[in-house]
Structures are given as C-alpha cells and as structure tokens.
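Here's a quick briefing to read alongside the model. Have the structure open and follow along topic by topic.

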Amino acid sequence: MTPSLTMGHQEGEKLDNINTLETRDEDFVERGNNNVSDDNDDQDEHSESSQSHQAVDESDSSEDEVAPRNTIGDVPLEWYKDEKHIGYDIAGRKITKKERQDKLDSFLASADDSKSWRKIYDEYNDEEVELTKEEIKQIGRLLKGKAPHAEFDPYAPYVDWFKWDDAKHPLSNAPEPKRRFIPSKWESKKVVEYVRAIRKGLIKFDQPKEEPRFYSLWGDDSSSADRTKHLAYIPPPKPKLPGHEESYNPSLEYIPTQEEINSYQLMYEEDRPKFIPKRFTSFRSIPAYENAVKESFERCLDLYLCPRVRKKRINIDPESLKPKLPNKKDLRPYPFACYLEYKGHEDAVLSISLEPSGQWIASGSKDGTVRIWEVETGRCLRVWEIGEAVQHVAWNPLPARPILAVSAGADVLILNTGFGNEEEQKEIKKLLHIGTSTSDDSDDMSSYLSWHQDEKYDCIRLRHYRTVSSVVWHRKGDYLSTLMPAGESRAVLIHQLSKRLTQRLPFKLHGLPVSLAFHPTRSIIFVATKKNVRVYDMLKQKLIKKLETQLREVSSIAVHPAGDNVIVGSKEGKLRWFDMDLSSKPYQSLDCHRKDITNVAFHRSYPLFASCSDDGTAYVFHGMVYADLNENPWIVPLEILKGHTSSDGRGVLDCTFHPRQPWLFTAGADSTIKLYCH
C-alpha cells in the first residue's frame, strides 16, 4: 500500500468519526476559520503534509488505527437512553454514562478553558475528543469548499488518453444501422409468450377477496373485519362453556357430599357456587333447569346495558404539573437572614424611609416620635417629639436636599435633618423659611390648606383639613403629594415647595383613594382606589389607563423602576402584578399572606420586590423584567421572612429596600425595625 493511499484511508476514517459528533457550530466555525490559513498559505500546508507523509511511511497503518471504545456496532444509541450505560467495551464490560453538566456549568468551564473551542463530544463513546491541528485544517478546508488534503491539486493538467496525430474526423464515421429503425423481433416473441402463459393460467392476476358465507358462532368477534375498523369497540365476553360438572351423569369426584352442601349455606352469596352438580341415571329423569330464564335475562342485560368502550386514559405524573422553579442559589443575592435590629420606639413603628445614599433611615412611630438611625450600626442620631401618632415619613429623593416629610394627624412637617455641608444647609434653611403664614388662594384652597412656619422645629407645617395618611415625593424633589382618604374631591393634593403653591389633582376620583405613587421617569401619577388603579398623565391632564385589580380592597401600590410594571397589595392577602404594556388585567396573581398586606416595595437596581402583612411575615420575590417586549416578566418566590411578633392584631406595618444593597428593612407593631441581609 502506498503512503498516499494509507494517509487517505486514515484521514477518511477520521472524517467519518467527526461526522458522528456533536460540534459547537457557531464557536467552532468562527475559531476554525480564524486558525485555518487562506489560499496564500497552501505552500506551508503542502510542506507540513509532506512531513506527515514521511511519518506515515515509517509506521504500519494497522498499528496506528485506534479501535472504538464502544462495540455495539450499528445499534441506535436511543435504545440506551433510559439505561445507565451506553454499550460494552471489547472485554464485554458495561460502559457507564458520565454525569452531564448543566448548561451554566459547561459554559463557565468552556470560558475558563482556552482549548474548549476545539473540543467536541463523541456521543458514541461518551467522551470528549480534542481535535489536532491537522484535523482542524482539514475541516476548515471543507468549510471553504476545498479538498481536505492540501497536496491535492484541483487544477492539474488534463491527461488526454487518445492520440490525435493528423486526425480530422471522429473515430467512426459509419452510418446508423437499419436495425435501429425497425421493430424488434425478440420483443414481439416475448409478448407472445406472455399472452400464451396468461391463457393457460400460468400467470394469475390478483382477484378481489370474497366475503365468507358463514361465521363462527363460538369464535372471537374481534377478528372480524367490520369490528376491527372501530378502535373503541370491545367484543362482549363469551359465557363459560359447560364442563364435566354440568354433565347429567358426572363422575363421583364432581358430586359434593351432604356436608359440603351444608357448608355452602354458611358462605356469602357471592362466594357460594351457583351450580351444584347432580347425577341422573337417564335423560328422561333430567328436570328443567330452574335458573335458565334468569341467566338468559341477565345475559341480555349484560350485552346491551353494560358499556364496553375502550377509553384512553391519560397517565399524568402529578410532579410534572408543578412549575419548574430555578434553584435559589442561582437567584442570589436576596435578603434571607436578620442582621440588625433597631430598638428605641415605645409603640408600633408605622412607617420607615431611607435616605437616597442608604446611610440613614428615618422611622415614624405611634408613640409620636420620629427617629433617624445609622443603617450600619443601628445608632439613633436624632429624635423629634411630634406629640401625635406619625402616620408616614418620606425622605426627599435628592441627595442635595436631606429633608424629611412627616405626616401626623392633619399636619405635614417638612423637617431639616441637619445632614449635608454648609452650603446645602444654607439652601435648606432658606427653602424651609416662611416669613408669614400664607394660605393658597388658588382654586379656593384657603379653607382647606395653609402653610405655616413651625418655630419649634424650624420647619414648614402644612395644615390640612383632614387626616393625611401618606406622603409621596416626586423624583425631582420639589413636588410633594399628600393623600387624605376622607378629603373627597380634594383627597389628593400636590404641593410645590419652592413656590409655596398647592393644587388639587385635576381629575375626578372615582372612589375612595387609598394609595398613590409617581412614575419614576415620566410625569405620570398612579392613584389607587379600593377597587381599581387609575393612571393619569399630568402634562396632558387625561386618563391613560385603568387597571382592574379584581380585589375586594386595595391597600398599597408600588411602581417598577422601569415604570412599565406595577404591583398592588390588598387587604385580603393577595398580590397582583400588572404589565402595563400587556393588559389592564393582572398578569400574575399571588395569594401569599393570610392577613392584610400593609405595603409592597420594589428594589431600585436588583430584580427584587417584597410585601409585608399583618400576619407577621414579609415575602421576598424575584421579579425579572426584560427589555425585550416578547419576554414576559419572570416571578419566583424566594423567602419568607419571620421575626416580628404581633401586637393588637397587627404584624409588619411597613417595608422598604436599601437603595444600593439587596437589603430589606421591616417595621413591626412590636416597636422594632429589622434589617434582613443576604
């Protein structure tokens, strides 16, 4: 065997093995194209191939061949899909399957391995094969449409096998023979032979099947052609044929004794034998069968009353109906353990709010105090004695304005926290200073709201005519919205801090408002009533969308940082997720809490949201919102946070996330604030 033939044989076997492998198409083609040289490097490839020829000449091809590890031959690998092995080696031992890595682990392993692009999986032998440089070059040449061997010359000079010395005409210039234009005698003879064979009956054609004239009385009806056409048909069971015991003169061994007959009377009716053999000397002494009419009647009832239909049963594994949730470790970080407690209030903590940088946290309690804590140490820095139960606290979203809005009864206080540098403090004092008490005369608001200068705390006091339940800052930090559930048409008021102006919401409120929120990026406000959530455009002053919550009473609302998704909590313990681009009805309904949901919150940067309830628990969820509109939000429950004790039927009253870290703060009726970390 010549070296060129040996090399071609071995390389052909390698290419056959490569065809059976699962390759990573995209990455392999890109890297293969980058590593395989162009046509300008054909000379280098030719030199390398000549060296490989010399190596082949020195070794025997039969010794270089590597036998496959698996010896199952042409048996499909699908037959071993449910087995723990994929075949047998040359010694007859089972080749066990290797543990498969999941896609994430395989991706991380391939990212760390610089040679992963040249590794392919051999499904036949269940192993990874690393291709050599020569094999990669051959594959690269095949992808370019070239010959696999570099020494092959596709433009070799043509070898003419004929000599055309002084030849001007073709090899044969003879005219066409006459036999090509007349019918063949041999074909006519063959046709005559077929005709004679058909007449003699030697060749028979297929004849139509004749239906049988008689049917088997005791045969199985399922074998009949007209019955087998119907898949759901089941033939009626045949009655049991009589045996030796039904004979008029059976053997003595079949005849029961008197003791056995008496024992039959003690059995249950369904266990008692229906026929007791008897012996008669002749046919004339055989009486009529006493149960003949009864058994015939029951047989007829069984034939036309009992349904005999083959029903398709669907065997469904109950475990397959459960949603496949990802592993919690893949969704980290998220809060799951209590790290710190803030103690100092003497009554239930009704509201908490974090400073934009996440260094300080403010809390308002039912004991009439407002406290500011340091997040990392739990140290209380400042306390304000308001003298009335604090319903809500809200920190200004601008870092340059460290001021705090506090609602207590019918008053809203804009407090100076004292943080910031000297320039910021000068601007804040100037902002919070009012020369004389003023009232807003626009839209006849003088009898409903007034601006006052509070001398005790050196702050602004907004006095309303009804109890204020919540305070919400606009993202720009100059506008402040207050909610009075009993305020009727003036239930929602918007205040401008720099100009000391107040205006009511220029829309008709259909119902009693319970919560509101501003859009994080646009001039849109969300107003939640007991039944629905209405979305208004403040610039165009029109209703954009009405979200139907399908709840008995809404308690809280939160808007996603992207602004396209909203979560709504209710007083029946149910949570609703709305995708505003999808529909005005809930995208997802979560029944998680046993009591009223007091508040819901989104994280600013992490795909997390949480809800707290009077049952003393806080639920943390993974809520991923994709930028692709074709992808629906992905919601996964993560953790149930417990630790607060109930007091007077109240549990966790408020919750909020840290602006930068995956931490959750909860305020409870047990007068404590808890920090949960990852």
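**Aromatic pairs**

Tyr342 and Phe665 are both buried. They make an aromatic pair of the tilted kind, with 6.4 Å between the centres and 40° between the planes. Keep in mind that this is a predicted model.

- The Tyr342–Phe665 pair ties together distant parts of the chain: Tyr342 belongs to strand β5 and Phe665 to strand β32 (residues 664-668), 323 residues apart.
- Trp577 and Phe602 pair up edge-to-face, at 5.7 Å centre to centre and 80° between the planes.
- That pair also links distant parts of the chain, with Trp577 in strand β25 (residues 574-579) and Phe602 in strand β27, 25 residues apart.
- Is Trp577 buried or exposed? Trp577 is buried, at a relative accessible area of 2%.
- Phe602 has 12% relative accessibility and counts as buried, because the cut-off for buried is under 20%.
- Trp577 and Phe602 belong to one aromatic cluster together with Phe609, Tyr619 and Phe621.
- Searching the whole structure turns up 14 aromatic pairs.

- How many residues of strand β28 (residues 608-613) are buried? Six of the six are, so the strand is largely enclosed by the rest of the structure.
- In a regular strand, side chains alternate between the two faces of the sheet.
- In β28 both faces are covered: Leu608, Ala610 and Cys612 are buried on one side, and Phe609, Ser611 and Ser613 are buried on the other.
- On one flank, β27 (residues 597-602) runs antiparallel to β28, and five bridges join the two.
- Ala601 has Ala610 of β28 as its bridge partner.
- β28 and β29 make a hairpin with three residues between them, and Gly616 in the turn has a positive phi of about 85°.
- The aromatic cluster comes back into view here, as Phe609 and Tyr619 are among its members.

**A five-stranded open sheet**

- Strands of a sheet pair through backbone hydrogen bonds, either parallel or antiparallel.
- What is the strand order in the five-stranded open sheet? The order is β10-β11-β12-β14-β13, with antiparallel pairing.
- β10 (390-395) and β13 (449-454) sit at the edges with a single partner strand each, so one side of each has no neighbour in the sheet.
- From one strand to the next, the twist averages 20°.
- Within this sheet, strand β11 (residues 403-408) and strand β12 (residues 411-416) run antiparallel and are joined by six bridges.
- Val406 has Leu413 in β12 as its bridge partner.

**Charges over rings**

- Lys189 places its charged end over the ring of Trp186, 4.6 Å from the ring centre.
- Arg490 does likewise with Tyr448: the charged end sits over the ring, 4.1 Å from its centre.

- Most residues other than glycine have a negative phi, and most peptide bonds are trans.
- Where does the chain have a cis peptide bond? One joins Arg332 and Pro333, with omega about 10°.
- Pro333 is in the loop between α11 (318-321) and β5 (337-343).
- Gln541 isn't a glycine, yet has a positive phi of about 55°.
- You'll find Gln541 in the loop between β21 (532-537) and β22 (542-548).
- Asp648, another residue other than glycine, has a positive phi near 55°.
- Asp648 sits in the loop between β30 (634-642) and β31 (652-657).
- With 77% relative accessibility, Asp648 counts as exposed.

**The second largest pocket**

- The second largest pocket has a volume of about 1,500 Å³.
- Its lining is made up of 31 residues, and Lys274, Phe275, Tyr289, Asn291 and Glu295 lie nearest the centre.
- α9 (258-265) and α10 (292-305) each contribute at least two residues to the lining of the second largest pocket.
- Which element gives the largest share of that lining? The answer is α10, with five residues.

Notes. Residues numbered from 1 in each chain as written. Predicted model: local features only at pLDDT ≥ 70, side-chain atom pairs only at ≥ 80, totals over all residues. Heavy atoms only, no water. Helix = DSSP H or I, 4+ residues; strand = E, 2+ residues; numbered from the N terminus. Buried < 20%, exposed > 50% of the residue type's maximum accessible area, 1.4 Å probe, protein only. Pairing = 2+ DSSP bridges. Axes fitted to C-alpha atoms, helices over the stretch in contact; angles between N-to-C directions. Phe/Tyr/Trp six-rings, centres within 6.5 Å; stacked < 30°, edge-to-face > 60°. Lys NZ or Arg CZ within 6 Å of the ring centre and 35° of its normal. 1 Å grid on protein atoms, 1.4 Å probe; cavity = no way out; pocket = protein on both sides within 12 Å on 5 of 7 lines; lining within 4 Å. Points joined across faces, edges and corners; volume = space filled by probe spheres on them.
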